[in-house]
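Subject: Structure handover

Hello,

The structure is below for your use. Please look it over before reading the notes.

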Amino acid sequence: MSAESIELVTLAIQNPEFFDTSQDRWTELPANVSFQYDLEDSIRTLSTTGAPSNDDISGLLYVPTLNTQQQVACLQASNSSWIPHNATHRADLPVNYELIALVPWLNKNCTLAFLEAASADLLAAMLFYIPPPSSNVSSIASTLNSSRDGGGNGTETPPLDSDPVWDLGDGGSWKSKYNFPVYAVPSSLGVLWMQQLAAYSGNMTQVPEGKELGDLGLVGPTDYVRLMADISTGGGSHIPSLWVFLLIVLALLIVIIAFTSGLMHFVARQRRSILRRRIANGEIDLEALGIKRLMVPREVLDEMPLYPYNIAQASAPATLATHNRSNSEAAKTTANISVSVLSAPRASRQQTELQTTCAICLDDFTESQPSPSMVRELPCGHIFHAECVDPFLTTHSSLCPLCKKSSLPVGYVPKTITNTMVRRERQVRRLRGRGIRVRNGGSEDIVRASVLNGHGREERSLVERVVDGGLHVPVPPRIRTALSNGRRVFSAPAGTTQRTAVGGAREMQEIHPTAATAESPAPVTGETTGVGPAAVAPPSQPPTTTTEEADIEPTEQDVREGPSAARPLTLEPVASGAEPSRRVEKTWWKGVAGRIFPRSG
Amino acid sequence: MQAGSGKRITKELGEIQSDPPEGMKVTLKDDSDLHTWQIVMDGPEQSVYAGGHFKLILVLPKDYPFKPPVVNFQTKIYHPNISNDGKGSMCLGMLRTDEWKPPNKIVAVLNMTRNLLIEPNPDDAVESSIAEVYKNDYKSFEKTAKEWTKKYAVGK
């Protein structure tokens with residue numbers, strides 16, 4: 001432990017040769033008749049080896065005695081004038097007392113000699129001082145003497161322990177070699193203390209003010225009057241404060257962490273409840289946005305119509321076109337008052353009978369009496385074998401296998417809203433926001449051209465142009481990828497999806513010739529010949545319509561054209577509207593689904 | 001669902017074998033396992049793979065048709081959308097789990113695969129280096145593809 005202060009006092013110690021050792025054997029002499037010195041700072045700690053960790057070091061001050069050989073080595077370089085011949089030596093002290101050595105740092109050899117000699121004495125600590133350049137010891141001493149108890153006034157702190165002055169040519173290993181702490185005190189003090197050490201070394205007749213001490217009855221004639229040093233290492237007071245400091249820091253950290261965590265939980269909960277509210281309001285379709293795969297709980301499933309398949313009321317295919325025209329008119333009206341198709345009255349019942357095959361097992365529905373197929377009708381109007389679609393809805397997805405429309409009621413909120421869902425929803429919203437900005441910056445004509453063009457490959461490049469080339473809007477790569485991959489998140493077109501769709505649709509037609517026409521009155525050739533949606537639109541719909549109407553109509557049109565064409569159109573209201581995301585999403589899905597699997601009649 | 005899935009697979013297999021798509025031979029790899037199909041696809045005439053016979057393995061998951069089938073090219077092929085790592089996995093949007101829909105049929109998957117051979121899709125590539133060559137240096141792409149076809153897909 002490093003020294004904080006050194007206190008020098010004069011002690012009167014009873015001579016153990018004459019007194020019973022069981023009693024208190026020493027007394028501290030008052031300052032007015034003896035030497036005392038308080039050194040508060042200006043102390044350098046050179047080594048803390050062997051220092052007690054939480055206690056002061058105290059001991060009688062002395063000068064180690066060198067043997068002849070050591071003396072020769074030491075005195076070669078310097079005279080011994082720094083150490084008075086009558087300085088207190090080991091022999092001048094009573095035995096069994098702690099010792100603290102005071103030694104001038106004369107040169108390397110001397111220091112090593114003193115360290116060696118001291119280590120034999122089992123001392124408690126060693127004090128070094130560097131002798132001042134002037135050998136006028138007495139003058140220094142007298143100036144100091146006049147200011148004793150000066151608390152270190154006018155003293156200079158010895159050099160740092162890393163200073164080359166303290167180098168003994170062994171790389172500092174001497175500091176750990178000897179098992180006692182080593183401190184350095186200012187030069188002038190060292191000189192003063194050494195002088196006092198010489199003064200208080202003899203018997204009562206020789207020590208300063210010996211007579212007065214005797215007269216005061218403080219000291220007996222046989223007593224030792226010697227200097228004692230008390231080195232306060234601050235160990236006792238420092239360590240607790242360090243612990244307190246650490247504890248405070250720790251507590252502070254815990255408080256901060258607790259607060260932050262609490263805040264984050266609060267915010268997360270808040271966001272979850274906001275998301276829950278938005279889902280309940282039907283603003284967000286978790287599954288369609290690809291945020292969370294939802295399953296249909298049993299009780300919701302049980303509410304979906306389940307009935308034996310019956311083709312009796314099925315309309316003849318011939319009437320299909322007209323029927324659907326009116327149907328799409330109806331859809332337009334309903335959509336215009338922004339009612340989602342999900343909540344539309346189940347007028348779809350007529351359509352269900354047009355479906356003759358279960359899209360999951362690819363078996364036809366039978367109505368033969370002993371065991372007609374039990375069909376489950378989803379809210380979108382698609383029917384499947386109950387035994388096929390029920391496991392799908394309950395274990396895989398709540399989206400209709402055909403049209404990807406959610407079969408859950410609008411505003412259905414899953415039991416748990418997780419933070420992940422919140423995060424992904426925000427991500428989707430951000431992506432969408434950026435996408436719309438890109439779209440907004442785009443030229444209407446390019447989009448329109450792509451819509452009109454309608455051909456898969458062409459479309460794709462056009463959309464790409466819209467996204468990155470044609471505009472001077474830098475598109476982040478993530479969005480571009482999302483766009484070109486047709487991830488659900490972004491509801492953008494993809495080359496592969498495109499082809500999938502084409503292949504799928506073609507395939508369906510081969511298998512089910514009846515699938516040729518869906519509800520759309522558009523010519524079937526629209527798809528294979530690559531004519532755009534505008535072209536296949538009924539004459540009543542001008543090709544360039546990109547208004548609200550167009551947004552709705554393509555839900556039927558997309559059946560032929562798929563996402564690429566539908567998207568630019570359907571994004572239209574998004575660009576201007578506040579929150580029509582749901583509709584966009586739906587439109588798109590309907591588009592893809594219809595495209596691949598036209599509702600069979 | 002196991003039974004239903006088996007029925008559907010049998011049905012699809014029957015359809016596909018009685019009326020195989022152009023240039024394809026479909027068999028079960030192992031007669032006892034309905035879920036692993038082996039397909040030999042001829043390189044389409046109009047493509048750079050013409051003349052080659054490509055072996056494909058199509059694995060149907062247990063809960064097919066709820067999960068998409070997995071298609072792997074057994075024969076090495078130089079194609080931007082088919083991985084060149086010995087697995088021969090193919091990138092097809094339709095086969096992504098979130099894109100897959102139960103009504104999709106295997107015939108459609110195979111036709112898509114064939115279309116992909118005719119017209120690679122370098123923008124959604126697995127092998128980006130091949131996609132680069134395809135986009136920037138079609139001649140060299142054509143040459144390498146033909147070489148590979150000759151080397152790996154002819155006469156086997």
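Predicted model: local features only at pLDDT ≥ 70, side-chain atom pairs only at ≥ 80, totals over all residues.

Residues are numbered from 1 along each chain as its sequence is written, chains are lettered from A and ligands numbered from 1 in the order in which they are written, and side-chain values use heavy atoms, without hydrogens and water.

Over all chains there are 16 aromatic pairs (Phe, Tyr and Trp rings, the six-membered one for Trp, with centres within 6.5 Å; stacked if the planes are under 30 degrees apart, edge-to-face if over 60, otherwise tilted). F35(A) and Y37(A) are stacked, because their ring centres are 6.5 Å apart and their planes at 20°. Y37(A) also pairs with W193(A), at 5.9 Å between centres and 70° between planes, so this pair is edge-to-face. Both Y37(A) and W193(A) are buried (under 20% relative accessible area, 1.4 Å probe, protein chains only).

In chain B, ring pairs join Y78(B), Y134(B), Y138(B), F141(B), W148(B) and Y152(B) into a cluster. K76(B) sits over the face of Y152(B), 5.7 Å from the ring centre (the criterion is NZ of Lys or CZ of Arg within 6 Å of the centre and within 35 degrees of the ring normal).

Chain B also has an open antiparallel sheet of 4 strands, ordered β1-β2-β3-β4 (strands are DSSP E runs of at least two residues; two strands pair if DSSP finds at least two bridges between them). Its edge strands are β1 (24–30) and β4 (70–73) of chain B.

Regards

How values were computed: Buried < 20%, exposed > 50% of the residue type's maximum accessible area, 1.4 Å probe, protein only.
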